[in-house]
Amino acid sequence: MKGRRGSGLTADRIWRMVRPFAIAISLLPSAMTELGCRRAPQPAQARARNLVLITIDTLRADHVGAYGYARSQAAAVDEVAAAGVRFEHAYATAPITLPSHATLLTGRYPPGHGSRDNGMRVNANVPTIATELKAHGFRTAAFVAAFPLDHQFGLDRGFDVYGDRLPRAPNGQLTNERPASDVVNDAIAWLGTTPRSPIPPMPNPHSPIPPMPNPQSPIPPTPNPQSPIPFFLWVHVFEPHAPYGDAADRRPVLERYDQEIGTANRELQRLLRALEPTSSDTLTIVAGDHGEAFGEHGEFAHSIFVYDTTLRVPLVMRGPGIRATASTETRPTIAEPVTLADVAPTALRMLGFTMPNVDGVDLSPLLAGGTLPAREIYAESFAPLVEFGWAPLRAIRSGAWKLIAAPKPELFDVSADGAEAKNVAADQREVVQRLESRANRYSAADLSSSGAAPDGAAADRLRALGYTSGNPQSQSAIDRPDPKDRREMAARIAQITSGELGGAALVAALEGLVRDDPRNAQAHLRLGIARLQTGDCARAEPELHAAAAAGLPSADIYVGLATCLGRRNDLAGAERALDNARRLEPDNANVLANIGILRAAQGNQAAAIEALTGALVRDPSLDEARFNLALAYARAGRRADAAAAARDLLRRLPASAPQRADVERLLRAVQ
């Protein structure tokens, strides 16, 4: 989902759109010791020196030339595959951007890293590729293209540089994504800085000791102390995520989707050219984070269902040892099913290290022409539960079988029915029971028993959703709708969240959704914000109250209500609403900014300055908070501070931003 941001207290304030709520919970892998840590035979010590991970959002494997697509515009993926290896059957662990990327970087399934949906922060104690390689002396950098991967959600740990700053629209509003060209420009600029190490980096005493090299394999050369420091670079591009191109040109959606793949491809080819000087000793991995549905199984977009339409992804690798192996064994394609949880342990092993406590496995034996022990692969989507109050979906792939655990389970023989067209659950009850028990070992069908119990504000928010009542198997949990029974509604939700609708058409779609699903809290919230942005508080407030009554633990509800109350000068009511917002999200910068605006309206400039300064510490990009800070300084008689804040804001605003005129007037008044 692309939604973001809270609303302001007055009509011209807080320029951001509503964002999805974030839930910080602490979860541990429920089946890690059961199967996830099973180790395959160890291959020879890796010889790669650097690591490059490229992730392409929403890329289907069957729209890539290396996977047989004749009209492919993904030449960069094909290039890496041709020089290395392609995994024919690679699967995401969740059809959702943040949980899937968290798996890529940690090697854990979502119950193990804690991010079960966009906005749910990755556990701070879980090792990542970046934290491990940083401890081994690597330079580390990430450049990401969209808000779901914003640093506040926890994937920035271990990176020297985490490039997630998003541009502003001409009206000053922060956007939710940035083009691949900007991401690649930043990555290439970073690659151009190559500091050299006077001495090899010392090993981290807390990291696992790397296994001894195979005496029959070549020993990698000792690094030159004056050579560049090894690096890990992660580059994420958001194309071809919806909306695809310009929906107004009425071209078929798949044509626009392919065109967006082509846009990402052109930029990634530039990146590959920039990597050529280091390619001989760099492991390069390219992966999709999840697929996209265009009507298969009645699904559109992604995030709700766990069919292979949205779980199967391209995964290709090239680097030292891979090309020679593929050429010698004539196995450029690996058919054995793998999961994105395998990427981290494989990458670390090929660099000569070990990734601790993972659910995935090291795939090096496959790269050497060997096999892996039999195993099962897990995937899930908790978006139906978190966002709509429906039952979550969990999937287990074991041999020829794939089970989707749901109120109405589905079982497919994927060896003969790759399209998952025939549900054979009724004829294979023993298989269903066995695989359901396996799914339950990875995660329960709620969030209450998955790992350590949260405390404080996190517990309050989970209780608001019904996750942490005294009885996790309550009647409400049992009666949650099966997402399959909400296919038509899910398709309408996808249309709303895809960005393909806007203006009156978006409002009409939201009105229809809340009419047909009056308990859909997210729809009520989105409709309330859409009406609020047109200045229609009279019709916005009932929708915001409905979202609150449905149990949605979002500060955006109360910031929106405070906006309307402030417009009719009910400052006491606005304060109560903002108190609720802060209770739910005590560190939310938007909430603090609105509290600062309220304090200024109440005449308490000292409290306003404190709140607005706190908001800017948490989010320096909140330009509306900076403007109101300058106003509060001016009202408090601190003219120099007001002028400094105004000048700082002018440096940050685009030249075309309409707000510049107000800031310039303020600056002239206080100088």
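Reader: Is C564 buried or exposed, and with what relative accessible area?

Author: Happy to start there, and please keep in mind that this is a predicted model. Buried means under 20% relative accessible area. C564 falls below that cut-off, so the cysteine counts as buried, with a relative accessible area of 2%.

Reader: Which cysteine forms a disulfide with C564?

Author: A disulfide is a covalent bond between the sulfur atoms of two cysteines. The structure holds one disulfide, and its sulfur atoms lie 2.2 Å apart. The cysteine you are asking for is C537.

Reader: What is the angle about the S-S bond of C537 and C564, and how far apart in sequence are the parts this pair ties together?

Author: The link of C537 and C564 is left-handed, with -90° about the S-S bond. C537 lies in helix α19 (residues 537-549) and C564 in helix α20 (residues 555-567), so the pair ties together parts whose separation in sequence is 27 residues.

Reader: Nice. Where do the buried residues of α6 fall when seen down the helix axis?

Author: Let's begin with the residues themselves: A180, V183, V184, A187, W190 and L191 are buried in α6. Seen down the axis, these buried residues fall within an arc of 120°, so they line one face of the helix.

Reader: What span should α6 have at 1.5 Å a residue, and what is the distance between its end C-alpha atoms?

Author: Helix α6 covers residues 180-191, which makes twelve residues. At 1.5 Å a residue they should span 16 Å, and this agrees with the end C-alpha atoms, which are 16 Å apart.

Reader: Which residues touch the most other members of the largest nonpolar core?

Author: In soluble globular proteins, nonpolar side chains tend to be buried together. Here the largest nonpolar core has 76 residues, and helix α10 (residues 343-350) gives the largest share, five residues. A second, separate core of 39 residues includes F143, A146, V237 and V286. In the largest core, the residues that touch the most other members are L51, F87, L133, L155, F232, W234 and I285.

Reader: How far apart in space are A589 and L616?

Author: A589 lies in helix α22 (residues 589-601) and is buried, with a relative accessible area of 11%. Leaving aside neighbours within four places in sequence, A589 is in contact with A615, R618, D619 and L622. A589 and L616 are 27 residues apart in sequence, yet their C-alpha to C-alpha distance in space is 7.1 Å.

Reader: Which loop holds P240 and P243?

Author: Both prolines follow cis peptide bonds: the one from E239 to P240 has omega near 15°, and the one joining A242 and P243 has omega of about 0°. P240 and P243 are placed in the loop between β6 and α7.

Reader: What is the phi of T58, and what is its relative accessible area?

Author: T58 sits in the loop between β1 (50-56) and α2 (75-83). Its phi is positive in a residue other than glycine, near 65°. T58 is buried, with a relative accessible area of 0%.

Key:
Residues are numbered from 1 along each chain as its sequence is written. This is a predicted model: local features need pLDDT of at least 70, side-chain atom pairs count only at pLDDT 80 or more; totals for chains, interfaces and linings use all residues. Side-chain values use heavy atoms; hydrogens and water are left out. Helices (H or I, at least four residues) and strands (E, at least two) are DSSP runs, numbered from the N terminus. The expected span of a helix is 1.5 Å times one less than its number of residues. Buried means under 20% relative accessible area, exposed over 50%, partly exposed in between (1.4 Å probe, protein chains only). The arc is that of the directions from the helix axis to the C-beta atoms. A disulfide is a pair of cysteine sulfur atoms within 2.5 Å. A nonpolar core is a set of buried Ala, Val, Leu, Ile, Met, Phe, Trp, Tyr and Cys residues joined through side-chain atoms within 4.5 Å. Contact means heavy atoms within 4.5 Å.
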